[in-house]
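Please read this briefing alongside the sequence and coordinates shown below.

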Amino acid sequence: MFPIAPFRFLFPYLRAERRLLAFGVFLVFVTSIFQVLVPKLVGAAIGRLESGIRVDLVPVLALAMIGAVLLRGVTSFWTRQTVIGASRRIENRLRNHLFRHIEGLDASYFSSMHTGDLMSRFTSDVDGIRMVLGPALMYAIQTAFMIVLAGGLMLSISPALTLYSMVPLALLTVAIRVIGPKVHRESMTAQERLADISVHAQENFSNARVVRAFVVEEQESARMERLGEAYYEQNMRIARLRALSGALLWLFGDLALISLMGFGGYRILIHEISLGEFAAFKGCQLMLVWPMIALGWVMNLFHRGAASAERLQGVLDARAAVDDREAIAGREILEGRIEFDRVSFAYDGGPSILEGISFDLSVGGTLGIIGATGSGKSTLLSLIPRLAPQSSGEIRVDGERIETYSVERLREQIGMVNQEPFLFSATVAENIAFGAPDASRDEIEEISKIVRVHEEIARFPNGYDQRVGERGITLSGGQKQRLSLARTLITRPRILLLDDVLSSVDAETEAFILTRLREWTADLTTVIVSHRLSAVRHADEIIVLDDGRVSARGTHDQLMTEGGRYAELYRKQTLEDELESL
Amino acid sequence: MTAESENPKRKKPTHDLGSDFHSEDVIDRPFDRGLARRLLGYVRPYRRRVVVSLVIIVLGTLLSLIGPILVKEAIDGPLAIGPKAEGAAAQPGRAASILQSIGEAAGLPLPGAEGFGLDERTDWLILIVTIYALMLGFQFFLRYAETVVMSATGQLVMRDLRAQLFRHMQRQEVPWFHRNPVGRLVTRVTSDVESLNELFTSGFVTLAGDLLSIAGVVVILFAYDVELALLSLSVTPALFGITVIFRKMARKHYREVRRRLAHLNAFTQESIVGVDVIQVTRSEERQAVRYREINGTLRDAHLRSIFWYAIFFPSVEILSVVALGLVVARSGSQIAAGAMTFGEFFLFWTFLTRFFTPVRDLAEKYNLLQAAMASAERVFTVLDENSALPVPATPKEKAPLTGAIRFEGVSFRYDADTPVLSNVDFEVKKGETVAIVGATGAGKSTVVNLLLRFYDPDRGRVTIDGVDLREFAPDTHRTRFGLVLQDVAVLSRSIADNIDFDRNLGRDRLRWAAEQVNAGRLIDRQPHGFDEVMKERGRTLSSGERQLISFARALAGEPEILVLDEATASLDSETEALIQSALGKLTEGRTSVIIAHRLSTIRNADKILVFHHGELREVGDHDALIAKDGIYARLYRLQFGLGNDRS
């Protein structure tokens with residue numbers, strides 16, 4: 001009925017809240033007692049009236065009743081505060097934990113998961129678990145207490161009557177338990193139908209030109225109507241199920257009352273129970289209707305929650321492929337020399353992306369990498385800060401295998417800038433200082449001048465405090481690239497990895513930035529991946545990557561003399577520049 | 001995060017508003033009579049359903065009032081024992097007398113009659129229980145029907161509104177779609193319409209049911225005992241007070257929670273997308289701290305809103321029991337004095353609980369209403385916009401092209417600052433294949449946009465056989481063309497549907513078109529052949545294959561004029577050859593305007609137009625332009641002249 005096993009990993013979270021939870025259980029218990037007192041008191045009052053003995057006690061009983069409910073109000077207020085509060089705190093910690101865990105996973109994990117899927121772990125799955133630990137748990141316990149207390153009271157009045165009136169209530173639980181999952185399933189289908197509508201709208205709006213060119217607006221509308229019709233029908237399927245379950249709830253609830261009237265009435269007639277007891281019984285029964293509905297609902301929550309728990313467990317079980325197992329304590333990058341020794345890379349079971357790459361890059365040197373899209377340039381760069389582990393071969397920094405540095409120490413001295421610059425929705429200054437929150441405004445400005453973005457920032461309405469991204473201004477591709485470069489430089493790395501970072505910047509600005517960079521730190525070891533040859537032209541060595549292998553290497557002059565792909569590319573680009581200036 | 005950036009006075013670039021969907025989510029709108037009236041207009045076609053559901057609700061409410069009365073009659077009738085029983089039975093109320101006539105019809109002796117013993121009482125009890133049970137069965141069907149009819153109404157209204165909205169959007173022109181981000185438009189069609197459904201399903205009609213139920217209870221209570229009714233309903237003002245306060249506070253906190261949740265989700269999403277930046281800058285810990293902060297504020301908002309929920313439910317409960325306590329206290333003396341029966345006491349008890357639930361529910365519904373109003377307003381805003389091209393009063397009839405398409409002194413800019421085309425003049429004669437070449441941003445696609453009249457030129461005119469395009473109705477004008485765009489629109493439908501594109505051309509024509517453009521083999525290769533359903537954006541196909549599909553789409557309509565934006569994507573040699581020959585068949589004897597990237601297309605063109613920075617710089621055929629050694633010659637060398645000539 002209640003799958004527990006999937007929730008096992010949550011025990012530590014429960015333990016952290018054990019005091020509150022225990023207190024909550026106690027409160028639920030007290031609440032239930034006060035609650036059962038009400039019908040008991042009503043019954044007693046009627047008993048007085050019926051027998052005519054001590055009728056003067058009736059107002060006192062009425063007062064006692066109000067007193068009991070007041071107390072019950074206090075405890076149930078407290079229960080909610082305690083239990084639901086605890087569940088919110090657990091949810092909060094669980095999310096924090098999940099977030100920290102995901103941050104530590106490496107590139108291969110993220111490439112295997114959609115952002116949307118990961119997001120739903122944070123939203124619907126965490127919520128599914130909270131529903132179990134909060135309301136579901138609270139109602140489960142409450143139902144249990146109510147069944148014991150109210151049931152006990154009912155049993156003491158008449159065991160047979162208890163049996164008769166509990167049958168419809170039990171059926172109620174069964175109905176919820178049976179129809180609930182059906183509704184859930186149909187709702188999932190309805191979500192798919194809605195997604196169809198959404199996809200159609202999306203495709204239609206994104207292809208507005210084609211739709212108009214082919215003059216099929218009318219037909220597209222007709223298609224939307226068909227999809228709307230299908231969605232309507234699916235929703236009606238759900239509505240019918242909902243209608244059924246709603247009507248059944250009432251039916252069973254009232255059946256319980258009827259059976260009490262029939263069987264209980266007869267027992268009054270044969271003087272087996274009194275009217276007062278009958279009233280108390282009726283009160284208890286009314287009180288059990290909701291808990292029995294809740295029971296079915298709680299079971300459904302448990303099942304849905306279990307599925308969420310399993311998915312979360314899946315994420316939490318994922319381990320980063322890169323760890324500090326071989327790290328030697330205290331080892332740091334002091335110079336920044338890089339060696340690749342027959343390095344290969346492939347994703348699990350996939351085709352090899354890099355094959356036997358070797359090079360030697362001395363301190364302060366520059367390596368240029370060129371190659372077509374998909375030739376493995378970006379992957380090569382990502383191996384150096386260990387964003388992914390190489391499949392074979394060795395990568396050494398300062399002559400030591402990178403695995404012997406802790407990830408922390410290694411990345412501390414490596415600055416990497418991505419091809420697709422990603423900025424956070426924050427101010428310009430916050431974005432630049434993302435990796436160095438202590439950086440002063442002067443430092444931020446100094447770096448901005450190096451990457452030649454200072455003047456543009458100064459023209460923003462709020463200067464360095466200008467918000468960018470969502471809810472802020474939209475930056476051009478070139479501005480984003482230069483800001484993300486600044487973000488990296490401000491951490492003052494010894495090794496700089498640039499992945500085609502200035503593709504959206506004009507050639508002159510690029511040349512300026514690269515020159516300023518060399519002046520800024522003479523012993524900065526740099527690897528530059530670029531589509532534009534002017535960026536790698538002055539490199540100490542240039543590698544031409546072709547399908548994950550080195551197809552040519554040498555200095556600019558050597559490669560030009562060789563006359564292969566490099567030389568061809570170079571001529572093309574010169575021509576392009578020439579054309580641009582016409 | 002600075003205060004200034006929140007300043008509403010600052011002009012934000014319009015294209016940025018689209019990404020601002022989080023804040024849009026939270027906006028609610030107070031109830032608005034005008035909006036409500038407009039919404040009700042959508043219900044008009046279904047007014048019979050509404051009437052039916054109202055009838056059902058009235059019936060159901062009445063029936064549900066009978067149950068407790070039956071219980072009362074049972075207690076005061078057959079179950080009545082002791083000294084007061086006879087007194088009560090002596091003067092039967094209206095319900096009791098109806099019941100008695102039913103009993104008489106069933107041949108049961110009247111209570112209080114001679115020899116009215118245990119057996120007779122039992123028979124009466126059975127009769128009452130039977131009536132109750134029958135009523136219950138009837139009620140079961142009513143309840144079922146009520147929900148189904150009501151949901152159907154809401155769903156139908158939603159379906160109609162969505163269809164109307166989408167149809168309206170189809171009438172908008174390309175510039176409108178450029179102004180409105182796709183994501184925002186999709187939201188209008190999906191979730192905004194969706195939240196209106198709530199309004200109908202659990203709004204209007206249930207509201208009526210709740211109010212009716214409350215009124216019924218009040219009437220019955222007063223009918224039985226005015227004093228007791230007044231006494232038990234004396235808590236109502238307090239109940240309303242509490243409900244109003246709760247509604248206000250719950251809403252306030254709910255909005256706060258949603259706002260913070262949206263913030264947290266945005267932060268999470270950003271951190272997932274930007275995880276490599278976080279890792280490379282070793283900011284994991286700092287980022288986690290910020291996450292904890294935001295997550296903490298969400299938790300606190302949750303905790304604050306729990307307080308109100310925690311206090312509301314017990315408060316209502318307490319009030320209802322206070323009312324019950326008052327009833328018990330007072331009825332005690334009444335019963336003792338013989339002025340009231342036990343049955344009446346039970347009646348009050350049951351009805352009191354019936355009274356409190358709907359009153360409590362009413363508060364929730366108001367919140368729903370406000371969210372729906374906001375959605376309604378957004379939907380209606382779109383419906384009130386209109387960007388359809390003006391149709392001339394007497395549009396020119398479309399006649400087959402005999403002479404030429406002409407651009408005459410055409411200038412155009414999308415926005416005020418950047419001219420895209422300046423003073424362009426050229427003509428495409430019937431049957432000619434014209435290639436347009438130029439670097440990215442030279443204005444090539446704009447020529448296509450003007451030709452199909454997605455936009456009108458700022459200066460100059462575009463003519464077909466001497467008639468300005470603006471003199472045709474846009475639809476009829478466009479049916480001349482077959483358009484193939486570089487960014488091929490493969491939709492998530494079957495291949496057949498992708499080629500047909502909703503024109504109902506018939507399977508044979510589709511097949512013929514597919515064969516003509518060499519897509520036959522590609523289609524045969526699919527597990528379900530022609531009926532293979534494509535993945536989103538056709539990602540299971542290569543770019544060349546997608547191109548073939550869109551060729552087939554254009555050819556299937558047998559257009560008079562072919563407009564084609566050739567893809568630059570690198571193709572394997574086999575597909576390349578397929579495309580070349582397909583292109584040959586497409587353009588054969590057909591007037592064609594091609595934004596060309598492939599050498600063979602350019603070479604075979606009758607005329608080449610070279611665009612550079614929005615100007616038409618060179619016109620001529622391949623040999624003439626090469627001989628000229630201008631821009632074309634350079635472009636040509638750049639793309640093909642480096643020992644890498646694929647053709």
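How many residues of chain B are in contact with chain A, and how many residues of chain A take part? In this predicted model, 118 residues of chain B are in contact with 120 residues of chain A, where two residues are in contact if their C-beta atoms, placed from the backbone, lie within 7 Å. Because the model is predicted, local features need pLDDT of at least 70 and side-chain atom pairs count only at pLDDT 80 or more, whereas totals for chains, interfaces and linings use all residues. Residues are numbered from 1 along each chain as its sequence is written, while chains are lettered from A and ligands numbered from 1 in the order in which they are written.

**The side of chain B that touches chain A**
- Helix H12 (residues 284–336) of chain B supplies the largest share of this side, 28 residues; helices (H or I, at least four residues) and strands (E, at least two) are DSSP runs, numbered from the N terminus.
- By residue class, this side of chain B holds 61 nonpolar, 33 polar and 24 charged residues, with Ala, Val, Leu, Ile, Met, Phe, Trp, Tyr, Cys and Pro counted as nonpolar, Asp, Glu, Lys and Arg as charged, and the others, Gly among them, as polar.

**Chain A as a whole**
- Chain A contains 19 helices and 10 strands.
- The radius of gyration of chain A is 36 Å, well over the 25 Å that the globule rule gives for 582 residues, so chain A is more spread out than a compact globule; the radius is taken over C-alpha atoms, and the rule is 2.2 Å times the number of residues to the power 0.38.
- Along the principal axes, the C-alpha atoms of chain A fill a box of roughly 120 × 65 × 50 Å.
- Buried residues make up 48% of the 582 residues in chain A, a residue being buried if 20 or more other C-beta atoms, placed from the backbone, lie within 10 Å of its own.

**Strand pairing in chain A**
- Strand E1 (residues 338–346) of chain A runs antiparallel to strand E2 (residues 352–361) of chain A, joined by six bridges, and A:Ala346 stands opposite A:Ser352; strands pair if DSSP finds at least two bridges between them.
- E1(A) and E2(A) form a hairpin with five residues between them, and A:Gly349 in the turn has a positive phi of about 70 degrees.
- E1(A) is also joined by five bridges to the antiparallel strand E4 (residues 392–397) of chain A, where A:Ser344 stands opposite A:Ser392.

**Helix H19 of chain B**
- In H19(B), 12 of the 14 residues are buried, so this helix is largely enclosed by the rest of the structure.
- H19(B) is followed by B:Glu558, whose phi is positive, near 40 degrees.
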